Amino acid sequence: GLLRAALPTADEPVLVLQVSFIGVLELDRRRVWFFATLFESRVLFITLEGEMGLLMDFSDQPNFVLSVGGFHPRFAAPPVPFPTPARLSLMLINESWARVRVDAYFAVTSNTVQFGCLVDAFFGFDAFRIQGDFSFDALLRFSPFYLIVEISAGFSVKVFGVGVFSVHLKGSLEGPTPWRIRGEAEISILFFSSSVDVDVTFGERRADALPPIAVLPRIRTEFEKLESWRATLPPSGQLFVSLRDLGSAGVLV
């Protein structure tokens, strides 16, 4: 189907949303999924683009995936019945002398939360150009617990196509067991450049992971033990009956 909305009024809209979508209920595969694409949408003069997908799988191999704008670059997406969603994109400025674009994503799966953004900016003319970018990516895995955050930024100035000044930064935090911080920075002025690298590890190092435990068979074993059961009188009141001592007959009441 198609969904169209113009707010606050169709004659003078501040927000225009137009979405094409498909929703599917597959009873034979015991799953529900949904996929949507933005087109010709905007907030004021800012163009909106992007896709989202949702999967709820209740089969013998259950799964849950919700993605708005795709996934973390390091994440291997599970097999889904729809294409990998394109980044949610906002074109803040799109002129010959300036461009500012923001790409973002947010995703939740059965074992992860992930989000990030990329900002790309450009200002200038043929003889003078200033360009910069900033990116942020975070991935949190619940079991076994794992976190990685990556940040990157860059800035450069060019005159008649020649690089005059530039700065590039890149860093990451990863862990735990142990935590690791890595980073690098580079500064260039005309034909001279200088760089610094950082790589620090701290915290307890644990390489072994405990194997998963099948809980239900152990619970069933405990339920089947006679010593796990007792017939007891209430703390107050009378039952008006007599309980016979079963001795060692092995009968479960």
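I started with V68: its bridge partner in β7 is F106. The model is predicted, so I kept to its cut-offs: local features need pLDDT of at least 70, side-chain atom pairs count only at pLDDT 80 or more, and totals for chains, interfaces and linings use all residues. Residues are numbered from 1 along each chain as its sequence is written, and side-chain values use heavy atoms, with hydrogens and water left out.

**Entry 1: strands around β7**

I took strands as DSSP runs (E, at least two residues), numbered from the N terminus. I counted two strands as paired if DSSP finds at least two bridges between them.

I looked up β5 (residues 63-68) against β7 (residues 98-109). They pair in the antiparallel sense, over 4 bridges.

Next I checked β6 (residues 88-94). It runs antiparallel to β7, and 6 bridges join the two. Within this pairing, M91 stands opposite R101 of β7. The two strands form a hairpin, with 3 residues between them.

Then I turned to β8 (residues 112-124). I found 11 bridges joining β7 to β8, again in the antiparallel sense. Y105 stands opposite G116 in β8. This is a hairpin too, with 2 residues between β7 and β8.

A reminder to myself: in a regular strand, side chains alternate between the two faces of the sheet.

**Entry 2: aromatic rings**

I searched the whole structure for ring pairs and got 7 aromatic pairs. Rings of Phe, Tyr and Trp (its six-membered ring) pair if their centres lie within 6.5 Å; planes under 30 degrees apart count as stacked, over 60 as edge-to-face and the rest as tilted.

Why is the pair F21 and F34 stacked? The ring centres are 5.7 Å apart and the planes lie at 25°, so the pair is stacked. F21 sits in β2 (residues 13-26) and F34 in β3 (residues 31-43), so the pair ties together parts that are 13 residues apart in sequence.

I also looked up exposure (buried is under 20% relative accessible area, exposed over 50%, partly exposed in between; 1.4 Å probe, protein chains only). F21 is partly exposed at 33%. F34 is partly exposed at 27%.

I noted a cluster as well: ring pairs link W33, F35 and F82.

**Entry 3: S166**

I found S166 in β11 (residues 162-175). Is S166 buried or exposed? At a relative accessible area of 13%, S166 is buried.

I then listed its contacts (heavy atoms within 4.5 Å). Leaving aside neighbours within four places in sequence, S166 touches F155, S156, E186, I187 and S188.
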